[in-house]
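Welcome to a short tour of this structure. Please have the sequence and the 3D view ready, and follow along one stop at a time.

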Amino acid sequence: MDKKIEKKRFGTKTLIFIGGAIAFLAVIAYGYTISLKKVYQADADKLTISKVEFGDFEDVALLNASVVPLTSVIVSSSEGGTVAEIFTENGSSVVKGTPLLRISNSNAMLSYTSSQTAATEQINQLRKSRLDLEQNQRVLNQDVLDVENNLRTATRQFRLDSTLFSKQVVSKQEFSKSTQDYEYYQGKLKIVKQAIRQENQSRKMQLSQIDQSMRQMNESLQMIKKNIENMTIKAPVSGKLSSYDPVIGKSYNSNEMIGKIDVLQGYKLQAGVDEYYINRVKEGQTSTCEFNGKTYNLIVSKVIPEVTAGQFQVEMAFKGAAPENLRRGLSLQTKLTLSDNSKSLLLSQGQFFQSTGGSWVFVVNNGKAIKKSVKIGRKNYLFYEILDGLQKGDEVITSSYDQFNQYDQVEISK
């Protein structure tokens, strides 16, 4: 026999009770979640709040540039040593060849003196060798003269005896002797002339070697003399002496900078640039500066990529005539153009960037600030370019987050 199964149904009161319980639990869960959030209480007057704007992003870097000479020549010593005498002062105008100071180095001087003595002795020995060769040449020439003279005598006697012998005036023995003498001196002259030819070839080669060695020795002496003269440091060019502070007894290493000479033929600007821009600054970019109420155009002439203390250096040359009355060390604010202007969302620069690296910000709404991820692009001296995460009109805390960067929410009290 089949049984009839009845479905149990909830009544209206039961459903209302269950719904109320669910709502109650949701409220409790929300309250618990809120209680887990870290909230920081901040005074409005201690915060800087900036509004996101939409406008032209001026892609420039503002630099504090210094006026430096267009050309500076480093003054150094080829030999190390201590300062023995000082002839000029820092800031003096000098001409090329003006003595600046004298370096003393006893070891170097001893080495130069020994080398000079050795070179002089070798030169004297080479001169003696040359004289010996010339003496040998004179002896050989004298031998030729003697043999030629004897041959002439023997030739006359031979011819005379030949005539007399044919007439049977002289004996055969006398004729044989004159013939023998004649043939002897003929042969001897050939041998002596052959010896002179060989000697001349050898002498020519030896004289060439002697001359070459003497030139080398003289060059060595000149170099030694120049090195001794270089102990007195002279101005390599004409200009104004700077970065020059020697004192008696101060030591300098070989090729260490002693000072600079600024060639007074114009000026350029040199500036340190934040390493943030190191991949964006290139030679040929333009910049502007103001001096005495006038704006001047410049061009980046050199980029020095080595980063020191968070900055690298650039040099900028004036396009056209440079301002008058410029002087070394003068500071000018320069605006370096990195690219053309473009329309972008803009957020004022602030110390928040040091805390977040630009990856997130606190966005303010109804007295509360909530963390929000953002994407920041370029920056200039006033604004950051906002690529994502914010909209025009959003209000953002741009002052330092150091006190509350670990919090999820900031409640702002007035």
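## Before we start

On a 1 Å grid over the protein atoms alone, a pocket is an open set of points where a 1.4 Å probe fits, with protein on both sides within 12 Å along at least five of seven lines, and its lining residues have an atom within 4 Å of a point. That term comes back at two of the stops below.

This is a predicted model, in which local features need pLDDT of at least 70 and side-chain atom pairs count only at pLDDT 80 or more, while totals for chains, interfaces and linings use all residues. Residues are numbered from 1 along each chain as its sequence is written, and side-chain values use heavy atoms, with hydrogens and water left out.

## The second largest pocket

Which residues line the second largest pocket? They are Ile74, Val75, Ser76, Ser77, Ser78, Asn230, Thr232, Ile233, Lys234 and Pro236. Two elements, β4 and β8 (232-234), each give two or more residues to this lining; such strands are DSSP runs of E with at least two residues, helices are runs of H or I with at least four, and both are numbered from the N terminus.

The volume of the second largest pocket is about 170 Å³, where a volume is the space filled by probe spheres set on the grid points, which are joined across faces, edges and corners. Its lining divides into four nonpolar residues, five polar ones and one charged. In this scheme Ala, Val, Leu, Ile, Met, Phe, Trp, Tyr, Cys and Pro count as nonpolar, Asp, Glu, Lys and Arg as charged, and the others, Gly among them, as polar.

Is Ser77 buried or exposed? It is buried, because its relative accessibility is 1% (buried means under 20% relative accessible area, exposed over 50%, and partly exposed in between, with a 1.4 Å probe and protein chains only). A polar atom of the Ser77 side chain lies 2.4 Å from the backbone oxygen of Glu79. Beyond its neighbours within four places in sequence, Ser77 is in contact (heavy atoms within 4.5 Å) with residues including Ile103, Ile233, Asn253 and Ile258.

Asn253 is found in the loop between β10 (251-252) and β11. With a relative accessible area of 57%, Asn253 is exposed. Leaving aside neighbours within four places, Asn253 has contacts with Ser77 and Gly80. The C-alpha atoms of Asn253 and Ser76 are 9.2 Å apart, although 177 residues separate them along the chain.

## Two residues with positive phi

Asn255 lies in the loop between β10 and β11. Although it is not a glycine, Asn255 has a positive phi of about 65°, and its relative accessible area of 57% makes it exposed.

Ser243 belongs to the loop between β9 (239-242) and β10. Its phi is positive too, near 50°, in a residue other than glycine. Ser243 is partly exposed, at 37% relative accessible area.

The largest pocket has a volume of about 220 Å³. Of its 14 lining residues, Ala61, Leu62, Leu63, Asp274 and Tyr277 are the closest to its centre. Strand β4 (60-76) provides the largest share of the lining, four residues, and β11 (257-274) also supplies at least two. Sorted by class, the lining has six nonpolar, six polar and two charged residues.

Thr334, in strand β15 (residues 331-337), touches Ala61, Leu62 and Leu63, among other residues more than four places away in sequence. Thr334 has 0% relative accessibility and therefore counts as buried.

Helix α2 covers residues 106-166, 61 residues in all, and reaches 89 Å from its first C-alpha to its last. That is close to the 90 Å expected at 1.5 Å a residue, where the expected span is 1.5 Å times one less than the number of residues. After α2 comes Gln168, with a positive phi near 60°.

Helix α3 (residues 172-229) holds Asp181, which is partly exposed at 28% relative accessible area. Asp181 and Phe158 are 23 residues apart in sequence, with 8.1 Å between their C-alpha atoms.

Key: A polar contact is a pair of N or O atoms within 3.5 Å; within protein, one must be able to donate a hydrogen and the other to accept it, and residues adjacent in sequence count only if both atoms are side-chain atoms.
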